[in-house]
Amino acid sequence: GALGGKVEEDKWQLLRAAGDWLSRVQQLRLQLKRPTRTILDAASTLLSEMETYYHATSDAYNFVRTACNLATALPDQWLESWIPWLEKAARFDPANPYPVTQLASALLKTGGLRKAEQVARWGVYHFPLDVVAHNGLGEVLKAAGKLAEAGDVYRESVQRFPNDVFARTGL
């Protein structure tokens with residue numbers, strides 16, 4: 001409404017997702033293949049905007065998809081700086097296996113074997129019907145030198161998901 005000729009701001013209006021997020025994600029995804037500090041800062045700025053949106057609306061979709069999507073574009077040597085975003089994504093959407101599997105993968109690639117194993121086991125426990133979670137645990141166990149257990153995980157994967165090529169080749 002108007003007060004003294006001025007338009008009053010609606011303080012109850014919900015925060016809206018920015019219309020340029022998709023184009024920024026697409027541009028950053030290409031740039032992150034050869035990242036610089038400036039490009040990482042731009043990606044962090046975007047995720048901070050999405051995190052603010054999540055906290056205002058409880059809608060985690062944009063944040064989670066972007067954090068995971070951009071992680072897959074980053075070269076391994078830059079992944080360690082991205083792990084906090086993936087940890088938030090897993091917390092913000094605990095019913096979604098995607099951020100958990102991405103986090104376990106990033107931890108594995110950055111040498112955090114113990115933590116990668118914990119996250120991967122958590123993923124299989126909470127998402128027993130997710131083939132990526134099972135295969136991810138197999139990869140982590142293989143990397144940790146736990147070959148017998150990795151073989152058991154892959155055999156279980158093949159039994160549960162007989163058409164999955166990654167489960168078969170993991171053995």
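Exposed denotes over 50% relative accessible area, buried under 20%, and partly exposed the range in between, with a 1.4 Å probe and protein chains only. The model is predicted: local features need pLDDT of at least 70, side-chain atom pairs count only at pLDDT 80 or more, and totals for chains, interfaces and linings use all residues. Residues are numbered from 1 along each chain as its sequence is written, and side-chain values use heavy atoms, with hydrogens and water left out.

Helix α1 spans residues 21-31, and its buried residues are Trp21, Arg24, Val25 and Leu28. Viewed down the axis of α1, these residues fall within an arc of 100°, so they line one face of the helix. The arc is that of the directions from the helix axis to the C-beta atoms. Cover for the buried residues of α1 includes α2 (37-57) and α3 (61-73). Contact here means heavy atoms within 4.5 Å.

The protein contains 9 helices and 2 strands. Helices (H or I, at least four residues) and strands (E, at least two) are DSSP runs, numbered from the N terminus. Along the sequence the order is β-β-α-α-α-α-α-α-α-α-α. The radius of gyration is 20 Å, well over the 16 Å that the globule rule gives for 171 residues, so the protein is more spread out than a compact globule. That radius is taken over C-alpha atoms, and the rule is 2.2 Å times the number of residues to the power 0.38. Along the principal axes, the C-alpha atoms fill a box of roughly 75 × 35 × 25 Å.

Of the 171 residues, 40% count as buried. Among contacts with a separation of 6 or more, 51% come from residues 24 or more positions apart.

Two loop residues were examined. Ala17 sits in the loop between β2 (6-7) and α1. Ala17 is partly exposed, at 36% relative accessibility. Beyond neighbours within four places in sequence, Ala17 contacts Tyr53 and Asn62. Ala17 and Asn135 are 118 residues apart in sequence and 34 Å apart in space, C-alpha to C-alpha. Ser58 belongs to the loop between α2 and α3. Ser58 has a positive phi of about 65° although it is not a glycine. Most residues other than glycine have a negative phi. Ser58 is exposed, with a relative accessible area of 61%.

Helix α7 (residues 131-143) holds Leu141, and His134 also lies in α7. Leu141 is buried at 0% relative accessibility. His134 is buried at 2%. Leaving aside neighbours within four places in sequence, Leu141 contacts Glu117, Arg121, Lys146, Leu147, Glu149, Ala150 and Val153. With residues up to four places away not counted, the contacts of His134 include Val124, Phe127, Pro128, Val153 and Phe161. Leu141 and Lys88 are 53 residues apart in sequence and 24 Å apart in space, C-alpha to C-alpha.
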